[in-house]
Amino acid sequence: MIPDFLSEFHKAQLEEWPLARQNYESLKEVKKKKIRIGDIDGFVHFNPHRAGSTLAKTDKSSILNRPCFLCKENRTREQKSIEIIPDHELLVNPYPILPYHFTIAGLKHETQKLEISVALSLAENLPGMLVFYNGTGAGASAPDHKHFQCVPIEELPLIKKISYHLKRGVNIALPYRILTDSKKIQEIQTQVSLNAYFWKSEDDEILCFAIPRRAHRPKSFFMDPPMRRAVSPGALDMAGIIVTPMEEDFKLLQEEEIEEILREVGFPNE
């Protein structure tokens, strides 16, 4: 269950912000199908409203030639924020994947970077929520502005498995490698991009893990139809919610191809 202050803020934003209200209402129409990814149950979502993020151009030239949508001066007047921890404000994400979906942006415009101390503080202050991070080249559609996102923990297929793994040392069969040591996560981010996840467990322990990335997008993303797949994996995709804005991809994507995509953008779990 999410904290009351988040649900109240979310409700208020949808009442006064037509774009956000429309996009959250549209989640009721998102088509879903169950899949198996290694040892976890996952889903494929057909969500056409995510086209802007999935297909976003994140090369240096494109980023420099568009206003940063996380900077306060460039936001629509309806988008409000609340300070969640010092120097970080929480915003309703207007292009959601899940019914409660927030972005946590740094007040300063500076390049995306994982600060584990900040992530741990966010997880401490957001019980019931999964705080996650998309590194540059790992799903971040705003690599020029430091930020996290958060969604309710129960929505993510991988989290319960990881919680069990962290507490009991049980291996999880996944198509990609994961890291569960915060020191290693901090060290490796200087070498590769990451998806990282932080949350408070039911016994009030802060847990985390990360997925090192070797590619932003799979080869199939750049192919011509009918071989193209509009799947650009970020943290939620890697955690078992595969999002595509294309209905044809939703129909065609099967477990074997999805595992190959995740293995290609991550490092094989050998």
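In the predicted model, Arg 36 is partly exposed, its relative accessible area being 31%. This value lies between the 20% under which a residue counts as buried and the 50% over which a residue counts as exposed, so Arg 36 belongs to the intermediate class. The residue is located in strand β1, which comprises residues 31–37. When residues up to four places away in sequence are set aside, Arg 36 touches Asp 41, Glu 255 and Glu 259. With Asp 41 there is a polar contact between the two side chains, at 2.6 Å. Lys 167 stands 131 residues from Arg 36 along the chain, and the C-alpha atoms of the two residues are separated by 23 Å.

Thr 54 is buried, with a relative accessible area of 7%, and is part of helix α3, residues 51–54. Apart from residues up to four places away in sequence, Thr 54 touches Arg 217, Phe 221, Ala 230, Ser 232 and Pro 245. Pro 94, by contrast, is found in a loop, the one between β4 and β5. Its relative accessibility is 15%; because the limit for burial is 20%, Pro 94 counts as buried. Beyond its neighbours within four places in sequence, Pro 94 is in contact with Trp 17, Leu 19, Asn 23 and Gln 79. Phe 198 is 104 residues from Pro 94 in sequence, and the C-alpha to C-alpha distance between them is 22 Å.

Helix α1 extends over residues 4–16. The buried residues of α1 are Leu 6, Phe 9, His 10, Gln 13 and Leu 14. They lie on the same side of α1, because the arc that they cover around the axis is only 130 degrees. Such a pattern can be related to helix geometry: with 3.6 residues a turn, residues three or four places apart in an α-helix point the same way. The buried residues of α1 pack against helix α2 (18–26) and against strands β3 (82–85), β4 (88–92), β5 (102–106) and β6 (129–134). On the face turned away from this buried side, α1 carries the exposed residues Asp 4, Glu 8, Lys 11 and Glu 15.

In helix α5, residues 116–125, the buried positions are Ile 116, Val 118, Ala 119, Leu 122 and Ala 123. Viewed down the axis of α5, these residues fall within an arc of 160 degrees and therefore line one face of the helix.

For the protein chain as a whole, the secondary structure amounts to 10 helices and 10 strands. The radius of gyration is 17 Å, close to the 18 Å given by the globule rule for 270 residues, so the chain is as compact as a globular protein of that length. Along the principal axes, the C-alpha atoms fill a box of roughly 45 × 45 × 35 Å. Of the 270 residues, 53% are buried. Among contacts between residues at least 6 apart in sequence, 69% join residues at least 24 apart. The accessible surface of the chain is about 13100 Å², and carbon and sulfur atoms account for 50% of that area.

Methods:
Residues are numbered from 1 along each chain as its sequence is written. This is a predicted model: local features need pLDDT of at least 70, side-chain atom pairs count only at pLDDT 80 or more; totals for chains, interfaces and linings use all residues. Side-chain values use heavy atoms; hydrogens and water are left out. Helices (H or I, at least four residues) and strands (E, at least two) are DSSP runs, numbered from the N terminus. Buried means under 20% relative accessible area, exposed over 50%, partly exposed in between (1.4 Å probe, protein chains only). Contact means heavy atoms within 4.5 Å. A polar contact is a pair of N or O atoms within 3.5 Å; within protein, one must be able to donate a hydrogen and the other to accept it, and residues adjacent in sequence count only if both atoms are side-chain atoms. The expected span of a helix is 1.5 Å times one less than its number of residues. The arc is that of the directions from the helix axis to the C-beta atoms. The radius of gyration is taken over C-alpha atoms; the globule rule is 2.2 Å times the number of residues to the power 0.38. Accessible areas come from the Shrake-Rupley method with a 1.4 Å probe; for residues, only the protein chains shown count as cover.
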